[in-house]
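I opened the model and kept notes as I went. The entries follow in the order of my look-ups.

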Amino acid sequence: MTEPAYDLIIRGGRVATTTDTFEADVAISGETIAAIGRGLGPARREIDARGKYVLPGGVDSHCHIEQLSAAGIVNADTFESATTSAAFGGTTSVISFAAQHVGMQLPQVLEDYHALARKGAVIDYAFHMIIADPTKETLERDLPALIRQGHGSIKIFMTYDRLKIDDEPLLDILVAAREGGAMLCAHAENHGIISWMVKRLLARGYTAPKYHAISHARFSEAEAFNRLIGMAALVDQPIMIFHVSTAEGAKVIRDARGQGLKVFAETCPQYLFMTAEDLDKPGIEGAKWMCSPPPRRAPDQEALWQALSLGDLQTISSDHAPYRFDETGKLRAGPNPNFKQIANGLPGLELRLPLLFDAMVSKGRLGLNKFVELTSTAPAKIYNLHPRKGAIAIGADADIALWDPDKRVTIADESMHDLAGYTPFAGRSVQGWPVTVLSRGRVIVDDGKVSAKPGSGQFLARSGGEAAKPTGRLVADMDPEQNFGAKLL
C-alpha cells in the first residue's frame, strides 16, 4: 500500500488570508502546513470543511493570565483555564505578561510565570515583561539577558499608584529596549489627571462603578500618548500603544504615523462594542463592566472602526483580565466598595474572535480578510511570531480554526470556559463560530469538546523583530551632526 502523503487534510473549505479568499485543501504533515491546493491526498485523516471558512488561529497579543496585580490579587484564570477558553474561541497563540512589582527580581519573575505556563497552557504562548522597578540591575543586567532568551517585548504603565513609570525612568527603559532590540508596549494614561479626578469624585460622594468611566477623563489618554510618542521619538524607539479607547487618542496615533514614526497601536472589543453606559447598573452590578481605560461613547466606537480601516490601529486584542464578581476579585474590599476599590478588568479571550467575526464578516464591516489581518496576521508580524504563526501558508505551524459562518450563538455566562463566572457580553447574539480548532496540527477543540492536555502548549521564543528596529532617523537633539557632537545613543 502507498504510504499516505500527509497526516491530515482539511478538505474543501474556504481559505482566507489578509488579501485573498479561495477554496482549497490544506494538508498537514506533523505540526506544519505542508501543501495548499485542490485534490490533495492521500492523508491518514481528513476533515470535511465544505461550507466552512479555514482561517489561521487567532493571535491574542494582550492578555493577563494567572497574573498577580499590584494590589495583591491574582486574576481568576489559570493558564489551563485561560488557554482552554482561548482555544474554544479560535485563538491558538497568546502573549501574556510576566509582571514585575517593586522589589522583585525580573529573572525570577519570568521563571515563576514560565512554570505556571509549562504546567497549564494548552496552546502556544509568549510573554511581555512588565517593568515596575527599573533599577540599574534590571535595565543593565537582567533585561538584556532576558531579551536574548526570547522575551522580545516590554510593557510599562504610565498610571496606577504602584506600577507607574515616570518620564525620566521611562526614557531609560526606552533606551534599554532600543539597545536590546525589543518592542516597548505601554498603558498610556495621565496619572495625575486620573488621580485628581478620583479624589474629586469620591470627596463628593460619587462612588458607584459608573463613575470609574468619568475618573479616567478622556484627555488623560491623548495627553499620555503625545508624551510617550515624544519620548520614543527622542531616542528613536518603536512603541506599541495598548487599548486605544478615544477618538482623540486615535488621532494622535494617526498624526504620529503620518510623520513616519514607528508607532503601533491596538484596540479591544470592549471599546468597539461597549460604552460608558454599560457601567450604569443598579447597586454594584456595574463593577462587571469596569476596565481601564473605560469604555467611552458611541462616536468613539466609530472613530476606532475608522482607525482600524485606515491602518492607524493594526491589531485587536482582548486585554483579558478576569476577576470574579465576589470577594476573591471585584468585591475584595467588601460588598459595597467604591469604584476606586474595585479590581479593573474583563474576561474576553474566548469572545474576542466571535464578536469580531460577527461584526466584520457576518455584518460586513471591513470584511473577512481584514478580520484575519487584525486578529491573527498583524499581531504575529508585529511581535515577531510570523511566519510560524498568523497565516495559512506552507511551512507555517498548523494553527487553524474552522469557522461555521451560519452558526448562531447567544452568549451566556454559563457557556464560557474561563473562570471569571460571567461575561460582559452575555445576552448578545452572534453569527459565526469556530467549530474545530487545531494547534500545531493537533485537533484541540471539536464539537464543543477540548482534547488538549494541560502543558501541551509551547513557549514561543522571539526577538523584537523588524517592528522593533529603530528608524535610524535621529531628532536634532540626539544627532551628533546637529547637537555639537554629543553622542547620546
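I started at Val 59, which stands opposite Ser 93 in β7. Three bridges join β6 to β7 (residues 91-99), and the two run parallel. I took strands as DSSP runs of E of at least two residues and helices as runs of H or I of at least four, numbered from the N terminus. Strands pair if DSSP finds at least two bridges between them.

The model is predicted: local features need pLDDT of at least 70, side-chain atom pairs count only at pLDDT 80 or more, and totals for chains, interfaces and linings use all residues. Residues are numbered from 1 along each chain as its sequence is written, and side-chain values use heavy atoms, with hydrogens and water left out.

Next I traced the whole sheet. It is open, has eight strands with parallel pairing, and runs β6-β7-β8-β9-β10-β11-β12-β13. β6 (58-60) and β13 (315-316) are the edges; each has a single partner strand, so one side of each lacks a neighbour in the sheet.

I then looked for helices on the sheet. Helix α4 (residues 167-180) packs there, touching β9 (153-157), β10 (183-187) and β11 (239-241). Contact means heavy atoms within 4.5 Å. The direction of α4 makes about 170 degrees with that of β9. Axes are lines fitted to C-alpha atoms, for helices over the stretch in contact, and angles run from 0 to 180 degrees between N-to-C directions. Helix α12 (residues 368-382) also packs on the sheet, touching β6, β10, β11, β12 (263-267) and β13. Its direction makes about 55 degrees with that of β6.

How do α4 and α7 cross, and at what angle? The axes of α4 and α7 (residues 219-235) come within 10 Å and cross at roughly 45 degrees. That makes α4 oblique to α7. Oblique is what remains after under 35 degrees (roughly parallel), over 145 (roughly antiparallel) and 65 to 115 (roughly perpendicular). I listed the contact residues: α4 gives Asp 167, Leu 170, Leu 171, Leu 174, Val 175 and Arg 178. From α7 come Arg 227, Leu 228, Met 231, Ala 232, Leu 234 and Val 235.

I turned to helix α11 (residues 352-362). Ten of its eleven residues are buried, so the rest of the structure largely encloses α11. Buried means under 20% relative accessible area, exposed over 50%, partly exposed in between (1.4 Å probe, protein chains only). Arg 352 and Asp 358 are among the buried residues. Gly 364 follows α11, with a positive phi near 85 degrees.

Last, I checked Ala 426. It sits in the loop between β14 (400-410) and β15 (429-439). Ala 426 is partly exposed, at 40% relative accessibility.
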